[in-house]
Amino acid sequence: MNYGFVRAAAAVPMLKVADCEYNTGEIIKISKEAEKLGAQFVVFPELAVTAYSCGDLFLQKTLQNAAIKGLETILTETRALECVIIIGIPLVINSRMYNCGVALKEGRILGAVPKTYIPNYSEFYEKRWFCSGQGKRNETIDLLGFSVPFGTDVLFEAGNISGLCFGIEICEDLWAPVPPSSAQAVNGATLLFNLSASNEIVGKHEYRESLVNLQSARCAAAYVYSSSGPNESTTDLVFGGHALISEYGSLMAESQRFSFEEQLVVSDIDIERLINERLKNSGFTQDTTDNGFRKAVFNIKELETGKLLRRIDPHPFVPSSPGVRNIRCEEIFSIQTSGLAKRLKHTGLDKCVIGISGGLDSTLALLVIAKACDRLGLDRKNIHAVTMPGFGTSSNTLNNSLELMRLMGVTTYQIDIREACMKHFEDIGHDPEVYDVTYENVQARERTQILMDKANKIGGLVIGTGDLSELALGWATYNGDHMSMYAVNTGVPKTLVKYLVQWAADYVFGDETRKVLLSILDTPISPELLPTDEAGEIAQKTEDIVGPYELHDFFLYHMVRYGANPSKIYYMAKQAFEGKYSEEIINKWLNTFLRRFFSQQFKRSCLPDGPKVGSISLSPRGDWRMPSDAEAGEWLGDMKK
């Protein structure tokens, strides 16, 4: 089972200008290398059989014949290979010459696609030799004894792998206002190949890379790009050999430019992910334009299950680059503060009420409220912060909450809830020595009651602190910490909450506040609803009960964002967390995640408002509409298989 992954390669061979025999040998050699690496597709640069910079030699019969002979040799010598080989070659058809991309598989020609946009400006003067393929549709040519579909209307579809379809465009086609690949994608192409000969000038490679990434994002496709190498440099032009593989806007692999050695960049592409994006994207679901594409059908060997040739990010919500992460944290913080500021302005209220536990979530929420009040010109004394120690509150978290509130300059309350909870235990006939869900939830609801009533008393909003990961797991007390009047953390996963607090400590608040924030960051995640241990330390640790949040955030991201089935998530998680979690541990917590995600939807169906900050939201009014009584059987069954 390949879980929807296919392996593509972009080759930069060391070619010789107008030496077809030599170039053919290089193409064959690299194709065999790609096959050894398990590549199912390999694309070569524009006009690779002849090299791009042949000039008027393209009009010479000698070169034309040599190119066809080279194509024949490639067919013969790669007959035993199972990968699809896409090469660039000039073809003379009906007394016109076309710059073509030709797809080969196991000794046969699948089809030929001519270049649409022929550049004829600055250093380019291709119209001197080549005709545009514009309007070439529904044509078939005879090529080396094969009846070959020829035209800009040809797509290539795998008959044995659902959703695997590729299109071909050539160099300048990508730079056009409406690239041919856009229509190819709308009509089913999930893989886009570009055979290019893009010369190097200062800054061009950055623009080229942005074009590739942008087109792959716009088309919800993978874009595999290969450009001519330094050996094709001649006269006034220098080529760098730029090969790129991008998937839905993210660069997966890239060659080293200006290398005088052949290069082969390889990456695994997640076709299922791309299809899921398209199913959700109204640009695809509403555009039913039939551009009249023909499908050349082929079968291909499935990618063997093993280690993927792509990085599986264990923390998909958290950018790995510190610089990017800091920018992201600042943006998220701005979204949170702006959302809260708008709600305060709209309601005409100028006071907020929040419960402070000394944990990460309430800390982040308090920082957001403080900055929102600053933006609105409100005194921070308008923030009524309440710490409510209970049976499981440790001295460390209590001290941290009190110190944080002092440093934030808010109105502070300390209300011990133990006596009220004991009275409630008596009222409902619960033995306080039984540490069950009733014991825990009585405390959570008592705290929420205090906050709600305090808000009524002063005319303020209760600000919720629960995060996205807790919503996914249902790790909240219904009508307890589950409820608020505006929930600022509802779109932030737990793995990102930590980095937001760290960012705030490093870049937003002063040294004294930073010290407290760092202490909070070092505190185990806990609801503190069960009694402390003999040393007065936290005994109830959330991740011991429901599992590591980094695993659950990984599961959440791939299930909700891309619709991945559990067995695929498990397969990817094993690689992402290799050396950290065993297969048994990943399996255990993934099953826990699935059971809780389905059984706890009823809590998400009545969430308070809160800002969406990323690509995943579980709001029933926005991104996630799931029946509260849906069965998890199919998903759990997929794991068993």
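Modeller: A helix here is a DSSP run of H or I with at least four residues, and helices are numbered from the N terminus. The model is predicted. By that assignment, Ile28 belongs to helix α1, which covers residues 20–36. Ile28 counts as buried because its relative accessible area is 9%, against a limit of 20%. Apart from neighbours within four places in sequence, Ile28 touches Thr73, Ile74, Glu77 and Thr78. Trp175 is 147 residues from Ile28 in sequence, and the C-alpha atoms of the two are 29 Å apart.

Now to the helix you asked for, α17, with residues 549–562. The axis of helix α6 (residues 271–280) comes within 9 Å of the axis of α17, and the two cross at roughly 55°. That angle is why α6 counts as oblique to α17, since roughly parallel would need an angle under 35 degrees and roughly perpendicular one of 65 to 115. On the α6 side the contact is made by Arg273, Asn276, Glu277 and Lys280, and on the α17 side by Val560, Arg561 and Tyr562. Sorted by class, this contact holds four charged residues, two nonpolar and one polar.

His552 is also a residue of α17. With a relative accessibility of 2%, His552 is classed as buried. Beyond neighbours within four places in sequence, the contacts of His552 are Leu473, Val546, Gly547, Trp589 and Phe593.

Of the 11 residues of α18 (566–576), 10 are buried. They are Pro566, Ser567, Lys568, Ile569, Tyr570, Tyr571, Met572, Ala573, Gln575 and Ala576.

Two charge-over-ring cases complete the account. The charged end of Lys16 sits over the ring of Tyr22, 4.4 Å from its centre. Lys371 lies over the face of Phe509, with 5.1 Å to the ring centre.

Key
Residues numbered from 1 in each chain as written. Predicted model: local features only at pLDDT ≥ 70, side-chain atom pairs only at ≥ 80, totals over all residues. Heavy atoms only, no water. Lys NZ or Arg CZ within 6 Å of the ring centre and 35° of its normal. Axes fitted to C-alpha atoms, helices over the stretch in contact; angles between N-to-C directions. Parallel < 35°, antiparallel > 145°, perpendicular 65-115°, else oblique. Contact = heavy atoms within 4.5 Å. Nonpolar A, V, L, I, M, F, W, Y, C, P; charged D, E, K, R; others polar. Buried < 20%, exposed > 50% of the residue type's maximum accessible area, 1.4 Å probe, protein only.
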